[in-house]
Amino acid sequence: MSELDQQFYEPIVNMLLCVADDKLFLGHRNSDWTGIAPILEADIAFSSLAQDDIAHANAFYELIHSINGQNPDQIAFSRTAEAYRCADIVTMDDEFNWANAIARQFYCNVYEYLQLQRLSNATWIPLANLATRICAEQAIHIDHVTTWMDHLGNGTEDSKARLQRALNLYAPSASMMFETPEGIDLLFTGGILINDGCLFTAWKEYVDNIVEGTGLIILVEPCEGVGGRNGKHDADFVHALSELQEVFATDPLAAW
Amino acid sequence: MVATAEIFDILQTIPDPEMPISITDLGLIEGVEISDTVVHIKLLPTFIGCFALPAIAAEIKQKLCEISGVETVEVEFIHEPAWSTDRISEAGRASLAEHGIAVPEIGSPCTSHNEIGTVELRTSAIPCPWCNSHKTTLKSPFGPTRCKSIYFCDDCRQPFERMKKI
C-alpha cells in the first residue's frame, strides 16, 4: 500500500522518530571521533559511519515530512527534549574511550540492522523501500563493528578486559533500546508492520553469536521501565541535545 | 516538446563529481518525464549519505535548462528500485577500470531482495584493476567516497579503490 490511513499517522511518525533520532544522535556522537580515532582507518570509518547515520536520519525525517508536512531540519533540530524518541545509549558520554565507542556501536548497529530488516517487510511501501535501501548500507556498518569486536575480543588480555568493561557499562542503557514506543501495537494490528516476534530475543542471539569464542559476555536484560522511546531522557541526552541545537538555534530559518 | 532522447544525450555528458563516469553510465537515472516545458528527472542515490547528490542535481538542472523548449527542471531522488552496482554500464565499468577503480561483478545483493544485507568485503579475492592479481587485501572498508573501499595489491604494490558491492 502506498497511501497510509490517517489513523496510523501518529503511531508511524512516533516509530520513525525512534529510528531516526537514534541515528541522528549516534552519528552526532560518532563524529566526535573525527581526527582523533586511534588509527587512520578507524578515523575514516567513524567519520563515514557518522555521515551515513545522519543521512539515514534525514531520509526518515523526509518520510515523516511526506506524512505530516513538517520540515526535516525543523524535526531534527527544533524539538524540546521530551519530543525526541531515541534510546539514551546513543548519547551516553563515551569519555573518548575506544572500547566504549566500539561497545556502543556494536549494541546499536545490531539493533538498527535487525530493526531495518523488519521495517523492510512493512506493508506501507515507501517505508519498506527506504528500509531495504538503508539495510544494505547498514550491513557494511555491521561488518565493520564485527571486525573490531573480533580484533579487541581476540586481542590481548588488556583489550579483552577493556571491552568487557565497556560492554557491561553500556548494558543497562542497551536494554532501553527495546522499550516499546507508543502506538506500535496499532501498527501491528493494523497490518502496517509485520510482528516478527521479540526483537530483543533476535538481537541477543545475534550479539551472542558474534562474541562466541572470545570469552566476552553480554549482560543485557530485556527492557524494564520508561526511557527515551517515551520521551524520558537523562542528563547526557540533554547535554548532547544542547550541543546539537547550538548552531541551528542561532538562526532556525537559515538555508544550509 | 523536447524529445526524451535529447534529454538523455545531455545527461550522458554530465560526469559524476567524484568518479570518471557519466551519471547515465553510473545508472543513476531511473526516469525522465516530459510534460510541455517541464522535465522531471527521477534519480537514484548510490548511497543515501553521498555528498555529491546536491551537486549532481544542480548540474542536471543547469544543463537541461539550456535546451530550448525546457523551462523547468525538477530532480527527484527515489529509493525504489534501489541503486546497485549492477546498474553500472559496460562503458562505465571500462572507464572506471582504466582509472584504477574496481567494480564488482553483476549480482548485487540489492537486486534480489531475499539476500539484502550481505557483505562480501572480505569473503572473496578481489582482482586488482591494474594487474589483475588476486593477491589483494582490504585496507579500509570506508574510502574517499561513500560508495568505495580501499584495497592494496601485494603483487604490483599499488593501492586501488573498489566500489562496494551493494
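A residue counts as buried if 20 or more other C-beta atoms lie within 10 Å of its own, as exposed if 12 or fewer do, and as partly exposed in between, with C-beta atoms placed from the backbone. Keep that in mind for helix α9 of chain A, whose buried residues are F237(A), A240(A) and L241(A). What you're looking at is a predicted model, where local features need pLDDT of at least 70, side-chain atom pairs count only at pLDDT 80 or more, and totals for chains, interfaces and linings use all residues. Residues are numbered from 1 along each chain as its sequence is written, while chains are lettered from A and ligands numbered from 1 in the order in which they are written.

**Helix α9 of chain A**

- Helices here are DSSP runs (H or I, at least four residues), numbered from the N terminus.
- α9(A) covers residues 235-250, so count 16 residues, and it reaches 23 Å from first C-alpha to last, close to the expected 22 Å (1.5 Å times one less than the number of residues).
- There's a kink of about 35° in α9(A), centred on L244(A); the bend is the angle between axes fitted to the seven residues ending at a residue and the seven starting there.
- The cover over the buried residues of α9(A) includes α1 (9-30) of chain A.

**The nonpolar core**

- A nonpolar core is a set of buried Ala, Val, Leu, Ile, Met, Phe, Trp, Tyr and Cys residues joined through C-beta atoms within 7 Å.
- The largest one has 108 residues, and L16(A), F60(A), I89(A), I102(A), A103(A) and Y107(A) have the most contacts inside it.
- Helix α4 (residues 98-119) of chain A gives the most to this core: 13 residues.
- Leaving out residues up to four places away in sequence, I89(A) touches several residues, including R104(A), Y107(A) and M177(A).

**Where parts meet**

- Contact means that the C-beta atoms of two residues, placed from the backbone, lie within 7 Å.
- On that basis, 20 residues of chain B are in contact with 24 residues of chain A.
- Within chain B, 6 residues of domain 1 are in contact with 4 residues of domain 2.

**A look at Q7(A)**

- Q7(A) sits in the segment before α1 of chain A.
- Q7(A) is exposed because 11 other C-beta atoms lie within 10 Å.
- The C-alpha atoms of Q7(A) and G190(A) are separated by 9.4 Å, although the two residues are 183 residues apart along the chain.

Definitions and conventions:
Helices (H or I, at least four residues) and strands (E, at least two) are DSSP runs, numbered from the N terminus.
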